[in-house]
Amino acid sequence: MRTPIIAGNWKMNKTISEAVSFASELKDRVAGVKNVDIVICPPFTALAKIADALSGSNIKVGAQNVCWEEKGAFTGEVSVAMLLEAGCTYVILGHSERRAMFGDTNETVNKKLKAALRNGLLPIVCVGETLEQREKGVTQDVIKGHVQGSLAGLSEEEMKKVIIAYEPVWAIGTGKTATRQQAQEVHLYIRNLLSGMCGKEVSDGVCILYGGSVKPENIKDLMAEQDIDGGLVGGASLKPDSFEKLVKFNER
Ligand code: PGA
């Protein structure tokens, strides 16, 4: 069985002190939650302090990007070893904002993914179509390109560690969530693609998260779908109160 994952992507929000006070509050609010993997992904600067504040809790920490190189002359980049030492368990890769604004491509996402897997950092690989692509009817082609390109060349053992986040770009930060049927359709398509790449048994174990205006009001419905295994949440992860409700989707 796939354990649900609720991951908060804070993007470029919260200073170190804001992040730490959020973490201390969230820790108490979700202390009793079992059977859900809870992750928060703050900006790089807050990672070490937040990981300290959360040590021994049921909340794990993730970064929002990483470099594929180990060390050296790569100004502005952060390595996998640096993230691990800062206390990270996860890393988000290929988010649509990075693909659209900072040059991430399937090739660079693939290199980052392999660097993360080599060193035991769990990758959350983002894929998703724009509104224009959906309206042109090429959603599946885009998803196929993202999945097969970003995940190229992985062994079955590596594939078992990968988490995928389907995030339709038109639903991110717009308040416009994909319907549960629209999301499920793409999630199933992704699972079938994975099955073609690494077999049904492995693909059945891969967690596929949905992202794009996930809120306390719609999480339960989304989670009821067969192939939706969790959420990657931006806006609604920034307040302890709404993040707690998301994590406790099962209890309402
Ligand atoms: P949103 O962002 O929940 O604010 O739509 C999701 C994401 O970009 O990961």
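What follows is a set of questions on labels, each with a reply.

Me: What kind of model is this, and which parts of it count?
Reply: This is a predicted model, in which local features need pLDDT of at least 70 and side-chain atom pairs count only at pLDDT 80 or more, while totals for chains, interfaces and linings use all residues. Residues are numbered from 1 along each chain as its sequence is written, and side-chain values use heavy atoms, with hydrogens and water left out.

Me: Why is Ile208 called buried?
Reply: Buried means under 20% relative accessible area, exposed means over 50%, and partly exposed is in between (1.4 Å probe, protein chains only). Ile208 has a relative accessible area of 0%, so it is buried.

Me: How do you know where Ile208 belongs in the fold?
Reply: Ile208 is in strand β7 (residues 208-211). Helices (H or I, at least four residues) and strands (E, at least two) are DSSP runs, numbered from the N terminus.

Me: What does Ile208 touch?
Reply: Contact means heavy atoms within 4.5 Å. Leaving out residues up to four places away in sequence, Ile208 touches Ile164, His187, Ile190, Arg191, Asp227, Ile228, Asp229 and Gly230. As for Ile228, its C-alpha is 5.9 Å from that of Ile208, although the two are 20 residues apart in sequence.

Me: What makes a group of residues a nonpolar core?
Reply: A nonpolar core is a set of buried Ala, Val, Leu, Ile, Met, Phe, Trp, Tyr and Cys residues joined through side-chain atoms within 4.5 Å. The largest one here has 69 residues, and Leu151 and Ile190 have the most contacts inside it. Helix α9 (residues 180-198) gives the largest share of this core, seven residues. A second, separate core has 13 residues, including Cys41, Tyr90, Ala165 and Cys207.

Me: Which residues does Ile190 touch?
Reply: Apart from residues up to four places away in sequence, Ile190 touches Val127, Ile143, Val147, Ile164, Tyr166 and Ile208.

Me: Why is the pair Trp10 and Phe22 called edge-to-face?
Reply: Rings of Phe, Tyr and Trp (its six-membered ring) pair if their centres lie within 6.5 Å; planes under 30 degrees apart count as stacked, over 60 as edge-to-face and the rest as tilted. Trp10 and Phe22 are 4.7 Å apart centre to centre, with 80° between the planes, so the pair is edge-to-face. Trp10 is in the loop between β1 (5-9) and α1 (16-29), and Phe22 is in helix α1, twelve residues away. Both Trp10 and Phe22 are buried. By the pairing rule the count comes to two aromatic pairs.

Me: How do you know that the charge of Lys14 sits over the ring of Trp10?
Reply: A charge sits over a ring if NZ of Lys or CZ of Arg is within 6 Å of the ring centre and within 35 degrees of the ring normal. The charged end of Lys14 sits over the Trp10 ring, 5.3 Å from its centre. Lys14 lies in the loop between β1 and α1. With a relative accessible area of 22%, Lys14 is partly exposed. Its phi is positive, about 80°, although Lys14 is not a glycine.

Me: Why is Asn106 counted as buried?
Reply: Asn106 has 19% relative accessibility, so it counts as buried. Asn106 lies in helix α5. Beyond its neighbours within four places in sequence, Asn106 is in contact with Arg99, Gly145, His146, Gly149 and Ser150.

Me: How do you know what span to expect for helix α5?
Reply: The expected span of a helix is 1.5 Å times one less than its number of residues. Helix α5 (residues 106-118) has 13 residues and reaches 18 Å from its first C-alpha to its last, close to the 18 Å expected.

Me: How many disulfides are there, and by what rule?
Reply: A disulfide is a pair of cysteine sulfur atoms within 2.5 Å. By this rule the count is zero. Cys41 is in no disulfide, and the nearest cysteine sulfur, that of Cys88, is 7.9 Å away. For Cys67, also in no disulfide, the nearest cysteine sulfur is that of Cys88, 15 Å away.

Me: Why is helix α12 called largely enclosed?
Reply: Six of the eight residues of helix α12 (residues 240-247) are buried, so the rest of the structure largely encloses it. The buried ones are Pro240, Ser242, Phe243, Glu244, Leu246 and Val247.
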